[in-house]
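Reader: I'd like to learn how to read a protein model. Could you walk me through one, feature by feature?

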Amino acid sequence: MATAKTKQEWRPRGILERVTCPHCWEQFPPEKLLWISEHSDLLGDQRLGPDHQTRFLPTRFNVAGEALDVKGFVCHQLACPHCHLSIPRSMLEMEPLFLSIFGAPASGKSYFLAAMTWELRKILPLQFRVSFADADPVLNRSLNDYEESVFSGSSAEELVPLASLIRKTEEQGELYDTVSYGNQTVSYPRPFLFSVQPQTEHPNGDRRNTLSRTVCLYDNAGESFQPGKDSAAAPVTRHMAHSSVLFFVFDPTQDSRFQRKMTDAGCGLETATRTMRQEPILQEAAARIRRYAGLRQSDKHNRPLVVILTKFDSWWQLHSNDAAPNPWREVRQPNAEDEANAIISALDVSQIETQSQLAREMLLRITPEIVTAAEGFAREVIFIPVSSVGWNIEVDRRTGQQAIRPIEAQPYWVTAPFLYGLSRAASGLIPSITKRE
Ligand SMILES: Nc1nc2c(ncn2[C@@H]2O[C@H](COP(=O)(O)OP(=O)(O)OP(=O)(O)O)[C@@H](O)[C@H]2O)c(=O)[nH]1
Ligand SMILES: [Mg+2]
Ligand SMILES: [Zn+2]
């Protein structure tokens with residue numbers, strides 16, 4: 001008993017009692033964390049191989065509480081005791097919030113993620129007084145590269161084929177880390193991690209310690225959601241069972257019934273657009289989540305499922321509504337300390353619900369099985385049309401391909417799924433209004 005108490009006292013204030021690894025999803029007390037050696041001679045790790053710095057349980061610390069490696073070098077980075085992959089400090093201080101995005105190949109997942117994080121960096125601090133920052137710039141590098149190539153690359157003013165800005169997500173390679181457990185090698189998808197914290201002017205700024213979250217996102221290849229693709233050796237989509245909010249990306253432009261209606265309505269469909277049935281992807285995701293979360297077939301998942309209808313720029317004519325204004329409104333904070341900070345934005349949940357209702361009616365007319373599959377799986381389902389690049393798309397007459405000047409990209413409603421999800425999963429973090437005032 002005495003030992004346990006002493007350990008508790010060692011834990012600095014503000015450190016969580018249990019830490020979750022964003023790579024292998026194991027949970028453990030912070031005392032079990034390994035440190036990553038700094039001295040360049042200390043190479044070689046039993047799980048990660050000869051090119052990685054050695055991981056170790058420290059016995060010596062400097063006055064700042066940082067571990068010293070056997071060569072006496074001060075270490076700064078921590079690692080998971082199970083998979084040995086690095087764990088950023090924010091995972092020790094803020095509860096994690098897992099968000100999983102899944103959908104067919106080429107449905108627009110990577111473009112949507114890039115547009116969403118690009119916009120969140122601006123909108124969260126400016127409108128909602130919430131900071132949104134890379135928790136680990138090294139892990140987030142691929143996503144930062146996506147953002148740069150779609151929105152701010154060096155040739156941002158040139159017309160470029162849309163399809164060339166982000167490469168297809170592969171099923172292996174730089175987005176995965178390989179860990180060996182004796183004879184068994186496991187490939188984990190690399191997470192993208194963001195720290196999300198209320199600022200001082202936020203209405204709940206004084207509850208910063210409890211409300212802040214480390215948001216963990218993953219970008220999988222569409223093929224990984226097909227049956228049989230998640231195994232012990234490649235648990236590439238197991239994050240879905242840990243997710244507080246699920247994003248199912250449905251691409252209407254790949255559905256044959258949508259395609260016919262788009263042609264009739266004169267929408268600019270790319271010549272080489274593929275056709276694919278997408279509800280099996282949702283059924284497979286539901287089956288995996290049920291399996292990992294121990295749910296029965298008749299149970300409905302109790303986390304929100306957001307069905308994201310991508311590429312709205314290409315099929316908006318089929319929707320009964322014009323482009324909707326952003327789903328937030330300015331409100332006055334009654335207890336603001338100074339006038340300059342009295343006005344903030346609050347998420348208008350009822351506006352998102354209205355748009356969802358319209359999108360659901362359209363899906364029921366054209367692809368009803370998507371609505372049935374989604375509502376058969378989750379208790380709370382919301383449908384949100386988005387465009388990751390907006391309206392300034394041109395079709396190259398010669399190749400029939402869509403093209404865009406990155407500088408003219410105008411993402412539409414790409415933050416709504418995240419804002420909605422966060423308002424449901426982390427109450428109090430995103431100021432929201434639920435009823436018309
Ligand atoms: N018109 C339009 N096209 C888009 C949009 N987003 C993506 N696309 C197109 O769809 C293609 C596929 O998008 P990705 O984001 O790479 O698709 P993905 O779901 O990540 O695909 P995988 O990585 O294969 O699983 C892109 O090459 C773009 O040409 C959009 O908002 N509007
Ligand atoms: Mg992709
Ligand atoms: Zn781990």
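**Reading the model**

Author: Let's start with the domains: the C-alpha centres of domain 1 and domain 2 lie 32 Å apart. Domain 1 covers 16-90 and domain 2 covers 94-433, with bounds that come from an automatic or database domain assignment. The contact between them takes 13 residues from domain 1 and 17 residues from domain 2, where two residues are in contact if their C-beta atoms, placed from the backbone, lie within 7 Å.

Reader: Before we go on, what should I know about the model itself?

Author: This is a predicted model: local features need pLDDT of at least 70, side-chain atom pairs count only at pLDDT 80 or more, and totals for chains, interfaces and linings use all residues. Residues are numbered from 1 along each chain as its sequence is written, while chains are lettered from A and ligands numbered from 1 in the order in which they are written.

Reader: Which classes of residue make up the side of domain 1 that touches domain 2?

Author: Classes first: Ala, Val, Leu, Ile, Met, Phe, Trp, Tyr, Cys and Pro count as nonpolar, Asp, Glu, Lys and Arg as charged, and the others, Gly among them, as polar. On the side of domain 1 that touches domain 2 there are 8 nonpolar, 4 polar and 1 charged residues.

Reader: On to the ligand. Which residues come nearest to ligand 1?

Author: A residue is near a molecule or strand if its C-beta atom, placed from the backbone, lies within 6 Å of it. There are 24 residues around ligand 1, and Lys109, Ser110, Tyr111, Thr169 and Gly222 come nearest. The shell divides into 9 nonpolar, 11 polar and 4 charged residues.

Reader: Which helix gives the most to that shell?

Author: For the labels, helices (H or I, at least four residues) and strands (E, at least two) are DSSP runs, numbered from the N terminus. Here α3 gives the most, with 3 residues. Both α3 (109-128) and α8 (312-315) supply at least two residues of the shell.

Reader: How do I read the packing of α3 against α4?

Author: Look at the axes, which are lines fitted to C-alpha atoms, for helices over the stretch in contact; angles run from 0 to 180 degrees between N-to-C directions. Angles under 35 degrees count as roughly parallel, over 145 as roughly antiparallel, 65 to 115 as roughly perpendicular and the rest as oblique. The axes of α3 and α4 (residues 141-152) come within 9 Å and cross at roughly 85°, so the two helices are roughly perpendicular to each other. On the α3 side the contact includes Ser110 and Tyr111, both of which are also among the residues that come nearest to ligand 1. From α4, the contact takes Leu143, Tyr146, Glu147, Val150 and Phe151. By class, this contact has 9 nonpolar, 2 polar and 1 charged residues.

Reader: And what about α10, which helices pack on it?

Author: Two cases to compare. α9 and α10 (residues 368-377) pack at about 120°, with their axes 5 Å apart, and are therefore oblique to each other. Arg360, Leu363 and Leu364 of α9 meet Pro368, Ile370 and Val371 of α10. The axes of α7 (residues 279-293) and α10 come within 9 Å and cross at roughly 10°, which makes α7 roughly parallel to α10. In that contact, Ile370 is one of the α10 residues, and Leu282 is one of those from α7.

Reader: Last topic, the sheets. In what order do the strands of the mixed one run?

Author: Two strands pair if DSSP finds at least two bridges between them. The mixed sheet is open, with 3 strands in the order β18-β19-β23. Its edge strands, β18 (328-332) and β23 (432-433), each pair on one side only. β19 (residues 343-348) and β23 pair in the parallel sense over 2 bridges, and Asp348 has Ile433 as its bridge partner in β23. Helix α9 (residues 349-366) lies across β19 and β23, at about 30° to β19.
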